[in-house]
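Please keep the sequence and the model in view while reading.

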Amino acid sequence: MTTRDQILSLFRARPGEFISGQEMSSRLEISRAAVWKQVKVLSELGFTIESKHSQGYRLIDSPDLLMAADLKRDLKTEIVGCSLVSLPEVDSTNTYARNLAENGAVEGTVVIADRQLAGRGRLGRLWVSPGGVNLYTSIILRPDIPVQQTPHLTFLSAVAVAETLQELCHLQAVVKWPNDVLVGRSKIAGLLNEMSAETEKVHFVILGIGINLNMRADQLPTPINYPATSVLIESGKTVDRCLFGQTLLEKLDYNYLEFRTQGFGPIRARWEKLCNIFNRKVEVDLGKTIVRGTVVGLEDDGSLRIAQDNGELFRIVAGDVRLLDV
Ligand code: BTN
């Protein structure tokens, strides 16, 4: 945690109380000038902090900002979130996390930003990332698995996102192979996993997750394949972004520990229950060609098995799936 987050943690631990600059400086082992500087930064971020010469500083009010100090508080995880970086603004959390990972960041490091200036989606698309409304996060994992198994981690995060939307927001979220989470026919979340590996060795995987939480209709991106939506639009309710973030990190942690001990099986079973395309007619855009058929299952490597109308089986590794029977 940054010094700023440590100061916020002190305030959160003693609501309504003045804490002297002297106490903060000795607890955090920084100068009083450094304390003052970080209090000023917090004020600039929108925190209302009262300062009294004889008593110190007191937190009066907080903005709706995702801060590591708040996300870390009572977070029940073993790996995911062991180190947490929150940023008011970044180009892309995936790019930032990759940089950290290349410089040795530990497994489980989480990067969360309030706003992304160049949020990245699949196929070189832009991920619209305004501030103050959504969740943009990237998690660094260092799994001891062969490169061919890394797609399993996409299923792991899709399950965590869909289950969080169901349990916390009571939305009928479904997973769409392989990278999307939908509510009804609209996209509410997207996943962008990236990795660094050489031959058989995986150095790290970045799980990039973007979820539209409190975005209003006028903030939504122009639809490409699917219309976009948000929790606010679907449920009419504003989500507590910090609580959503914590729940998601806890589910990711649970899924990852399960994956490490039991392999892909349990995640795959939960993903299949959350998926609404089995035994349905689909069209898959492979870029150059289009395949039509019925989805009959998932291969062990996470690719999709389609039975074409002539009975021939087709294995899809990457493509855009559209339901035909709706
Ligand atoms: C997609 O559906 O195209 C994937 C979207 C992934 C967006 C997330 S937001 C957090 C992380 N940082 C990025 O730049 N992209 C991912």
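## The shell around the ligand

The residues of the shell around the ligand divide into 4 nonpolar, 11 polar and 4 charged, where Ala, Val, Leu, Ile, Met, Phe, Trp, Tyr, Cys and Pro count as nonpolar, Asp, Glu, Lys and Arg as charged, and the others, Gly among them, as polar. The model is a predicted one, in which local features need pLDDT of at least 70 and side-chain atom pairs count only at pLDDT 80 or more, while totals for chains, interfaces and linings use all residues. Residues are numbered from 1 along each chain as its sequence is written, and side-chain values use heavy atoms, with hydrogens and water left out.

Of the 19 residues around the ligand, those that come nearest are Ser92, Gln116, Arg120, Arg122 and Lys187, a residue being near if one of its heavy atoms lies within 4 Å of the molecule. The side chain of Ser92 places an N or O atom 2.7 Å from an oxygen atom of the ligand, and a polar side-chain atom of Gln116 is 3.0 Å from a ligand nitrogen atom; Arg120, by contrast, uses a backbone N or O atom, which lies 2.7 Å from an oxygen atom of the ligand. The protein buries 98% of the 410 Å² that the ligand exposes when taken alone, as computed by the Shrake-Rupley method with a 1.4 Å probe.

At least two residues of the shell are supplied by each of helix H5 (93-102), strand S5 (135-141), strand S8 (186-198) and strand S9 (201-211), and S8 gives the largest share, 4 residues. Helices (H or I, at least four residues) and strands (E, at least two) are DSSP runs, numbered from the N terminus.

## Arg122 and its surroundings

Arg122 belongs to the loop between strand S4 (110-113) and S5. Although Arg122 and Leu192 are 70 residues apart along the chain, their C-alpha atoms are separated by 6.3 Å. When residues up to four places away in sequence are not counted, Arg122 touches Asn179, Leu191, Leu192, Gly319 and Asp320, contact meaning heavy atoms within 4.5 Å.

## Nonpolar cores

The largest nonpolar core holds 64 residues, of which Leu165, Ile211 and Leu252 touch the most other members; such a core is a set of buried Ala, Val, Leu, Ile, Met, Phe, Trp, Tyr and Cys residues joined through side-chain atoms within 4.5 Å. Helix H6 (residues 152-169) gives the most to this core, contributing 10 residues. Beyond its neighbours within four places in sequence, Leu165 is in contact with His170, Leu171, Ala173, Val181, Ile188, Ile211, Val231 and Phe244. A second, separate core of 17 residues includes Leu8, Val39, Leu42 and Leu65.

In helix H9 (residues 265-274), the buried residues are Pro266, Ile267, Arg268, Trp271 and Leu274, where buried means under 20% relative accessible area, exposed over 50% and partly exposed in between, with a 1.4 Å probe and protein chains only. These buried residues of H9 pack against H6, S6, helix H8 (241-262) and strand S11 (290-298).

## Backbone features in loops

The peptide bond from Trp177 to Pro178 is cis, with omega near -15°, and Pro178 sits in the loop between strand S6 (173-176) and strand S7 (180-183).

Positive phi values in residues other than glycine include those of Glu29, near 55°, and Thr199, near 35°. Glu29 lies in the loop between helix H2 (21-28) and helix H3 (32-44), and Glu29 counts as exposed because its relative accessibility is 72%. Thr199 is placed in the loop between S8 and S9, and with 78% relative accessibility Thr199 also counts as exposed.

Thr229, in the loop between S9 and helix H7 (231-235), is buried, with a relative accessible area of 2%. Its side chain makes a polar contact with the side chain of Glu234 at 2.6 Å, a polar contact being a pair of N or O atoms within 3.5 Å for which, within protein, one atom must be able to donate a hydrogen and the other to accept it, and residues adjacent in sequence count only if both atoms are side-chain atoms.

Asp240 lies in the loop between H7 and H8 and is partly exposed, with a relative accessible area of 46%. The side chain of Asp240 reaches the backbone nitrogen of Leu243 at 3.1 Å, and the C-alpha atoms of Asp240 and Asp64, 176 residues apart along the chain, are separated by 8.6 Å.
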